[in-house]
Amino acid sequence: MTRERADAAKNRAKILAAAADIVAERGIEGLAMAEVAAASGVGVGTLYRRFGDRSGLAHALIDASEREFQAAFLTGPPPVGPGAPPAERIRAFLHALVDRTLAQLDLLLMAETAGPFARFGGAYDAHHHHLALLIARARPDVDAAFTADALLAPLAANLVAHRDIGSAAIKTGLDTLLDGLLAPTD
């Protein structure tokens, strides 16, 4: 793995800070590459080479909170992190993912809809893998990969935006699915 040059890391930090400020002030609609370049003091070409387009910039803005989220479910305290029973961790993980999704909905909407498969890979794969492992432990009799996809599907940014319902309603819906999935089997 190549280490980022110090000047490149400094420029990246300036760009992401400027982009985050613009999103906080004007929303995702105000995120224009030329404005981000001007606000960060770098050339537009540098910005495009580094991030590709607005969706690439959105992915980069999402990255820091995604790293924190992954640290929470991989090494953090229970019930999201290790130490709680699988069924409890599944519910806590999905509830935390709802909160994270709603907190960055505009950025996720841009990033996840940039192309037909933009939602998949990276963070989705990490979430899916983690959830599938927990499901396999809680219910070894079900197809864990399919079930993980089914539980993650309601959290697609475009569906969350389309439904325009709050955190409590999404969590209640997921809890209903989990109650059926995690009910004791005879």
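## Packing of α5 against α7

In this predicted model, helix α5 packs against helix α7, which spans residues 122-138, at an angle of about 155°. The axes of α5 and α7 are 8 Å apart. The two helices are therefore roughly antiparallel to each other, since an angle over 145 degrees falls in that class. The crossing of α5 and α7 is left-handed.

On the α5 side, the contact is formed by Pro86, Ala87, Arg89, Ile90, Phe93, Leu94 and Leu97. The α7 side contributes His127, His130, Leu131, Leu134, Ile135, Arg137 and Ala138. Sorted by class, the residues of the contact of α5 with α7 comprise ten nonpolar, two polar and two charged.

## Packing of α2 against α3

Helix α2 covers residues 33-40 and helix α3 covers residues 44-51. The two pack at an angle of about 110°, and their axes lie 9 Å apart. That angle makes α2 roughly perpendicular to α3, because the class runs from 65 to 115 degrees. The crossing of α2 and α3 is right-handed.

In α2, the residues that meet α3 are Met33, Ala34, Val36 and Ala37. Their counterparts in α3 are Val44, Leu47 and Tyr48. The contact of α2 with α3 consists of seven nonpolar residues, with no polar and no charged ones.

## Annotated regions

The UniProt record, an unreviewed entry, carries the annotation "DNA-binding region" over residues 32-51. In the model, the span 32-51 is 80% helix and 0% strand. The end C-alpha atoms of this span lie 13 Å apart.

The feature "domain: HTH tetR-type" is placed by UniProt, again in an unreviewed entry, at residues 9-69. For residues 9-69 the content is 82% helix and 0% strand. The end C-alpha atoms of residues 9-69 are 22 Å apart.

## Loop geometry

Pro78 and Pro79 are joined by a cis peptide bond, with omega about 10°. Pro79 is located in the loop between α4 (54-75) and α5 (86-103).

Asp164 has phi near 50°, a positive value in a residue other than glycine. Asp164 is located in the loop between α9 (157-163) and α10 (167-182).

## Overall architecture

The chain contains ten helices and zero strands. Its pattern along the sequence is α-α-α-α-α-α-α-α-α-α. Taken along the principal axes, the C-alpha atoms of the chain fill a box of roughly 65 × 40 × 30 Å.

Two domains are assigned: domain 1 comprises residues 1-52, and domain 2 comprises residues 63-182. The C-alpha centres of domain 1 and domain 2 are separated by 28 Å.

Note on methods:
Residues are numbered from 1 along each chain as its sequence is written. This is a predicted model: local features need pLDDT of at least 70, side-chain atom pairs count only at pLDDT 80 or more; totals for chains, interfaces and linings use all residues. Side-chain values use heavy atoms; hydrogens and water are left out. Axes are lines fitted to C-alpha atoms, for helices over the stretch in contact, and angles run from 0 to 180 degrees between N-to-C directions. Helices (H or I, at least four residues) and strands (E, at least two) are DSSP runs, numbered from the N terminus. Angles under 35 degrees count as roughly parallel, over 145 as roughly antiparallel, 65 to 115 as roughly perpendicular and the rest as oblique. A crossing is left-handed if the near helix is turned anticlockwise from the far one by less than a right angle, and right-handed if clockwise. Contact means heavy atoms within 4.5 Å. Ala, Val, Leu, Ile, Met, Phe, Trp, Tyr, Cys and Pro count as nonpolar, Asp, Glu, Lys and Arg as charged, and the others, Gly among them, as polar. Domain bounds come from an automatic or database domain assignment. UniProt positions are given in the numbering used here, feature names are shortened, and annotations may be inferred rather than shown by experiment.
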